[in-house]
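Biologist: Before we discuss any details, could you put the model on the screen and then take me through it step by step?

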Amino acid sequence: MTPYDITRTLPEDATGAALRADVLQGLTRTPKTLPPKWFYDARGSELFEEITRLPEYYPTRAEREILLARGPAIAAATGARTLIELGSGSSDKTRHLLDALTSLQVYVPVDVSESALAGAAEALLGERPGLRVHALIADFTGGLALPATPGPRLVAFLGGTIGNLLPAERAVFLASVRALLAPGDALLLGTDLVKDESVLVRAYDDTAGVTAAFNRNVLSVIDRELGADFDPRDFDHVALWDAEHEWIEMRLRARRALTVKIPELNLVTHFEAGEEVRTEISAKFRQDGIRAELSAAGLELAHWWTDEAGRFALSLATAV
């Protein structure tokens, strides 16, 4: 018996099926795309942890600063007895929130990775033996069925991950979160803010090349899982600022004309020299825009906190 519960809401092969569908759809469209969620195998997760420690990559430090400074205010505003974290991963930064939520009884981490959930649950319970953990193996973008837990409940979506969703996808996601909230519940949302282009681009194109390795790692995932013959060395890492949409795009640019075979999909895909695959968008936000997107989903912005430098924001929203 484990001291925590894990509920699987995804079929056993859901991850493999989703990868096959995403790669087939993304590499047969023009321009080619791949979703950023496939960065995060074991190696990709290690690389991202390296990224969060790079001097150029400020979001993790900025969000941690807010959590440490504003944790008591978050606790006072929510009185949360249940914390539900979407895309929880290792739950590392969540510890600052757990420390602040003195009334908390239950933590519900939600992630597609069972191993990440189990590791986080064991670590947290070692530190907090009185905490009840009920982990969900689930895709939070596909709608959630939450376990019965005491209210008020706080749903947390941290790290600026909402920026990986296109505007229409954000609208669907926020509406799905609103549907989860009962009176007295709240959403805590982390968003990276619009700032100088040079600061943004450096955060996604560091001098040590860690982000480049992270970006290319998606090709290694496809090679391993789908039997493809990508050579990551055939692609350059590209990060650029789209001022019109106010988002960073990460791309992989083919260094030469090449052909890639993906046997699991019975697919052969061709790249011209210089052709790019978009692997991530990371939208940056302004307070008025966040307020409008929350309002459209039936949520009201109640509190807005930033780090001292104004680089990152945590917003607390309640159901209208």
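Modeller: Contact here means heavy atoms within 4.5 Å, and helices (H or I, at least four residues) and strands (E, at least two) are DSSP runs, numbered from the N terminus. This is a predicted model, in which local features need pLDDT of at least 70 and side-chain atom pairs count only at pLDDT 80 or more, while totals for chains, interfaces and linings use all residues. Residues are numbered from 1 along each chain as its sequence is written, and side-chain values use heavy atoms, with hydrogens and water left out.

Biologist: Which elements do the buried residues of α1 pack against?

Modeller: Buried means under 20% relative accessible area, exposed over 50% and partly exposed in between, with a 1.4 Å probe and protein chains only. In α1 the buried residues are Ala 14, Leu 19, Asp 22, Val 23, Gly 26 and Leu 27. Seen down the axis, these fall within an arc of 155° (taken from the directions from the helix axis to the C-beta atoms), so they line one face of the helix. Their packing partners are β2 (32-33), α8, β10, β11 and β12 (276-283).

Biologist: Why is α8 described as largely enclosed by the rest of the structure, and where does α8 bend?

Modeller: Twelve of the 17 residues of α8 are buried, so the helix is largely enclosed by the rest of the structure; among them are Phe 214, Asn 215 and Asp 223. The bend at a residue is the angle between axes fitted to the seven residues ending there and the seven starting there. By that definition α8 bends by about 25°, and the position is Arg 216.

Biologist: Is Lys 195 buried or exposed?

Modeller: Lys 195 lies in the loop between β7 (186-192) and α7 (197-203). Leaving aside neighbours within four places in sequence, Lys 195 is in contact with Tyr 58, Leu 200 and Arg 311. Its relative accessibility is 17%, and therefore Lys 195 counts as buried.
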